[in-house]
Amino acid sequence: EPAFRNVCHREECQVMIRQSCPRMLPCGHPCCGFRGEAVCLPCLDPACAQAAHLAQGGPEFCNICFIDQLGAAPCIQLRCGHIFHLRCVREKIAKRWTGYRITFGFLECPLCKQPFEHPALAGDLAPVLELRQKVQEKSLVHLRLEGLDRAPELLPGGRFAGHLEAFAMHKMAFFLCSRCHKPYFSGAAQCQEAVDFNPDELVCAGCSAPAAGGEASCPSHGTDFMSAPRPGLSSFPAVPLLTSTSHTNAPLSPRL
């Protein structure tokens with residue numbers, strides 16, 4: 001293939017060939033995209049990138065790994081227009097959030113904070129978008145339970161004006177149960193700061209209740225409004241919690 005005429009026969013280079021777009025661009029330079037893409041990337045050669053007023057070019061480093069230049073591996077151009085190594089975007093999605101509290105900043109372009117969006121990422125994004133939808137729905141329920149859906153931040157001129165869902169996820173903290181791997185509510189986000197605990201003790205009410213001799217779920221509300229044991233209090237059964245729930249520690253402790 002003409003695009004790979006100058007590539008050596010080392011195994012790592014041959015692997016890269018199998019992942020790279022084999023097409024030549026009209027300018028005469030090889031495409032730096034990935035194999036199977038529907039539309040080729042703009043040319044990343046410095047001269048072509050400058051002539052096209054492209055913000056990123058071949059000599060620039062990938063703004064996710066900061067190790068290799070863009071032209072050193074198959075790249076992807078997101079809907080926002082920014083270009084990264086395809087493998088770096090996929091690894092960023094696979095690693096998910098940092099820390100214990102579930103957050104979704106890893107789904108945003110590191111340069112402009114727009115959502116990652118590209119047909120090639122559909123399979124990578126599907127499970128985390130489903131998780132985000134669940135957390136968002138649960139966050140809204142707890143926000144309204146607390147009466148925070150009329151908070152000053154949501155009023156015209158406020159930081160979250162017109163963005164109720166984003167405000168709910170900003171205020172409410174969720175963790176991933178270490179047993180069933182489902183998200184569970186853990187209280188107000190500010191109450192989770194500087195909390196240190198064993199990640200194995202992140203257990204939702206549905207998983208902790210049977211072991212502690214409590215109810216597996218509330219007959220009316222399931223496990224969404226049940227508290228889960230805090231580290232060091234795992235012998236207490238989970239109990240229904242239908243009053244104000246925001247100012248609790250991670251994970252939630254029973255109301256005694």
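Buried means under 20% relative accessible area, exposed over 50%, and partly exposed is what falls in between (1.4 Å probe, protein chains only). With that in hand, here is a tour of the structure above.

This is a predicted model, in which local features need pLDDT of at least 70 and side-chain atom pairs count only at pLDDT 80 or more, while totals for chains, interfaces and linings use all residues. Residues are numbered from 1 along each chain as its sequence is written, and side-chain values use heavy atoms, with hydrogens and water left out.

## The overall picture

The protein chain has 6 helices and 4 strands; these are DSSP runs, with helices (H or I) of at least four residues and strands (E) of at least two, numbered from the N terminus. Reading from the N terminus, the order is α-α-β-β-α-α-α-β-β-α. The chain holds 256 residues, and 37% of them count as buried. It exposes about 14100 Å², with carbon and sulfur atoms supplying 53% of that area; accessible areas come from the Shrake-Rupley method with a 1.4 Å probe, and for residues only the protein chains shown count as cover.

Contact means heavy atoms within 4.5 Å. Taking contacts between residues at least 6 apart in sequence, 45% join residues at least 24 apart.

## Leu-25 and its neighbours

Start with the loop between α1 (11-19) and α2 (46-51), where you'll find Leu-25. Leu-25 counts as buried, because its relative accessibility is 11%. Leaving out residues up to four places away in sequence, Leu-25 touches Pro-30, Cys-31, Cys-40, Leu-41, Pro-42 and Cys-43. Pro-42 sits 17 residues from Leu-25 along the chain, and the C-alpha atoms of the two are separated by 8.4 Å.

Next comes helix α3 (residues 86-95), where Leu-86, Cys-88, Val-89 and Ile-93 are buried. The cover over the buried residues of α3 includes β1 (75-77), β2 (83-85) and α4 (122-145). After α3 comes Arg-96, with a positive phi near 60°.

In α5, the buried residues are Phe-167, Ala-168, Met-169 and Lys-171. They pack against α4, β3 and β4.

## Rings that pair up

Rings of Phe, Tyr and Trp (its six-membered ring) pair if their centres lie within 6.5 Å; planes under 30 degrees apart count as stacked, over 60 as edge-to-face and the rest as tilted. By this rule there are 6 aromatic pairs. One of them joins Phe-104 and Phe-106, with ring centres 6.1 Å apart and planes at 35°, so the pair is tilted. Phe-104 is buried, with a relative accessible area of 10%, and Phe-106 counts as buried at 6% relative accessibility. Another pair is Phe-175 with Tyr-184: the ring centres are 6.4 Å apart and the planes at 35°, so this pair is tilted too. Phe-175 and Tyr-184 are both buried. Ring pairs also link Trp-97, Phe-104 and Phe-106 into a cluster.

## The largest pocket

Rolling a probe the size of a water molecule over the atoms shows where empty space is left. On a 1 Å grid over the protein atoms alone, a pocket is an open set of points where a 1.4 Å probe fits, with protein on both sides within 12 Å along at least five of seven lines; lining residues have an atom within 4 Å of a point. A volume is the space filled by probe spheres set on the points, with grid points joined across faces, edges and corners.

The largest pocket has about 590 Å³ of space. It is lined by 21 residues, and those closest to its centre are Phe-104, Glu-108, Arg-132, Ala-166 and Met-169. The elements that give two or more residues to this lining are α4 and α5 (164-171), and α4 supplies the largest share, 5 residues.

What kinds of residues make up the lining of the largest pocket? They divide into 10 nonpolar, 5 polar and 6 charged. Here, Ala, Val, Leu, Ile, Met, Phe, Trp, Tyr, Cys and Pro count as nonpolar, Asp, Glu, Lys and Arg as charged, and the others, Gly among them, as polar.
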